[in-house]
Amino acid sequence: MGFNLTVNWQTSPAEEGEFCRDHSITFGSGQTIQASSAPEYKGNGQNVNPEESLLAALSSCHMLTFLAIAHLKRLPVTSYVDNATAELGKNETGKLAVTKMVLNPKVMFAEGIEVSQETLEKIHEKAHVNCFIANSLATDIHIKF
């Protein structure tokens, strides 16, 4: 199974001695987003940056894995909201990297469905272990329940 996207950057006006970091990303599904570097790196704060994209991939993968496990356990979920965060820092080799990501999922189950904190934690732990994006990252990942 493979995936693809196209990153497209074209030169555009910028400050003297600088370059514009704005670009587009067109996914294999046909959707296009406007992207840039983070404002701290002279990018456009109104566009998605690579750090946010990485965090979004992790959060989305964890959620979809969680939903699949809950579905298999016949625990209908009505709402899942994750206010995730990521931190840049130096990794163990001294390179700048996303060194920590924290997922803060809030899950609502269907009316009448009681899920203990222990069961919720076990589903999140299983989702984390089976999330292929998490398995692809060499960073510190925390899930707060």
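**View A. How helix 1 begins and ends.** A side-chain oxygen of N49 comes to within 3.0 Å of the backbone nitrogen of E51 at the start of helix 1. That counts as a polar contact (N or O atoms within 3.5 Å, one able to donate a hydrogen and the other to accept it; residues adjacent in sequence count only if both atoms are side-chain atoms). Just past the helix, R74 has a positive phi of about 60 degrees. This is a predicted model, with local features needing pLDDT of at least 70 and side-chain atom pairs pLDDT 80 or more, while totals for chains, interfaces and linings use all residues. Numbering starts from 1 along each chain as its sequence is written, and side-chain values use heavy atoms, leaving out hydrogens and water.

View B. Helix 1 covers residues 50-72 (helices are DSSP runs of H or I, at least four residues; strands are E, at least two). Its buried residues (under 20% relative accessible area, 1.4 Å probe, protein chains only) include L55, L58, C61, H62, F66 and I69. An α-helix has 3.6 residues a turn, so residues three or four places apart point the same way.

View C. Three strands line up in the order 5-6-8, with mixed pairing (strands pair if DSSP finds at least two bridges between them). Strand 5 (85-90) and strand 8 (140-143) are the edges. Strand 6 (residues 96-103) runs parallel to strand 8, joined by four bridges; in strand 8, I141 is the bridge partner of M101.

Notes
Expected span 1.5 Å × (residues − 1). Buried < 20%, exposed > 50% of the residue type's maximum accessible area, 1.4 Å probe, protein only.
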